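Biologist: Could you walk me through how to read strands, cores and aromatic pairs in a model like this one?

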Amino acid sequence: MNASDVLKISIVVQVVAAYLALRLIPVTGGRKAWVMISGALILMSLRRFLSLAGPDSIKIIPLDIFGAEEWVTLFISVFMLAGIAWIAPLFRSFKKAQDKLLEQSWLLEAFFQHTITPLVIMDKDFHCIRVNRAYARTCRREAEEFPGHNFFDIFPIAAKPIFEKAVKTRTPHQTFARPLTFPDHPEWGETYWDWTLMPILNKEGEVEFLALSLKDVTESQAALKALREGEEKYRLLVNNIPALVFKGYKDCSVDFFDHK
């Protein structure tokens, strides 16, 4: 590759770079900065074009319009300096926004991991993305075991149609006091959970993620069961007491209190 080929490649690269710089305007703002930088790149490519064209370049672009090559270099430097000066605040604002985002992400992560509510974040195909410590403790597993695995490969439960319906309809679903057992650990017994399935929509309104939250209601269900059993025993007791007992008790009470 000779010097002429290198100049041609440089011209193409600088023109493309100028075009890409202008394409950044609607994305980042800072129109003046990107125009200046793009102008500097165009001047740099022009300078190389003149070097490539040699003496015949004066027939294409009169050099007296642009001045000597040193003037072209000066214009390039001025444009680049102005562009950098205008774009510097833009990047500083990006840095502040990034720092703020990192701070908020840290707070959200802290809340996600330290809340006592078991939480699972999965994609619309039910692959686990994040699982908090409370959920991992509930399942007697490590949180690192879940990401990347399909939720129903880990827990082949019959609720999959509910998850599919939530994705299809894009509406939340709540279930109360759902019994849950762990087939690989039958000694844990049956537990009861309230759980909420919340679809998370993207800007197009389609489901992108699902958030599953759980609440252990095993103790309250046990208390409710005991209360119902007590009520049933009381009802059976009352229903099976002969009416004569009440009558005899009433007669005896009257005789006792009315005795003279």
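Modeller: We will go through the strands, then the nonpolar cores, then the aromatic rings. This is a predicted model, with local features needing pLDDT of at least 70 and side-chain atom pairs counting only at pLDDT 80 or more, while totals for chains, interfaces and linings use all residues. Residues are numbered from 1 along each chain as its sequence is written, and side-chain values use heavy atoms, with hydrogens and water left out.

Biologist: Which strands are joined to β5 by bridges?

Modeller: Helices (H or I, at least four residues) and strands (E, at least two) are DSSP runs numbered from the N terminus, and two strands pair if DSSP finds at least two bridges between them. Here β1 (residues 119-123) runs antiparallel to β5 (residues 207-216), with 5 bridges; methionine 122 has leucine 210 as its bridge partner. Strand β4 (residues 191-201) is also antiparallel to β5, through 9 bridges, and methionine 198 stands opposite alanine 211. The β4-β5 hairpin has 5 residues between its strands, and glycine 205 there takes a positive phi near 85°.

Biologist: How many residues does the largest nonpolar core have?

Modeller: A nonpolar core is a set of buried Ala, Val, Leu, Ile, Met, Phe, Trp, Tyr and Cys residues joined through side-chain atoms within 4.5 Å. Buried means under 20% relative accessible area, exposed over 50% and partly exposed in between, with a 1.4 Å probe and protein chains only. The largest core here has 22 residues, and Met122, Tyr135, Phe146, Phe151, Phe163 and Leu212 have the most contacts inside it. Strand β5 gives the most to this core, with 4 residues. Apart from it lies another core of 8 residues, including Ile25 and Ile87.

Biologist: And the rings: how many aromatic pairs are there?

Modeller: Rings of Phe, Tyr and Trp (its six-membered ring) pair if their centres lie within 6.5 Å; planes under 30 degrees apart count as stacked, over 60 as edge-to-face and the rest as tilted. That rule gives 10 aromatic pairs. One of them joins tyrosine 135 and phenylalanine 146 edge-to-face, at 5.7 Å centre to centre and 75° between the planes. Tyrosine 135 is in helix α7 (residues 133-138) and phenylalanine 146 in the loop between α7 and α8, so this pair ties together parts 11 residues apart in sequence.

Biologist: Is phenylalanine 146 buried or exposed?

Modeller: Phenylalanine 146 counts as buried because its relative accessibility is 1%. Tyrosine 135, at 3%, counts as buried too.
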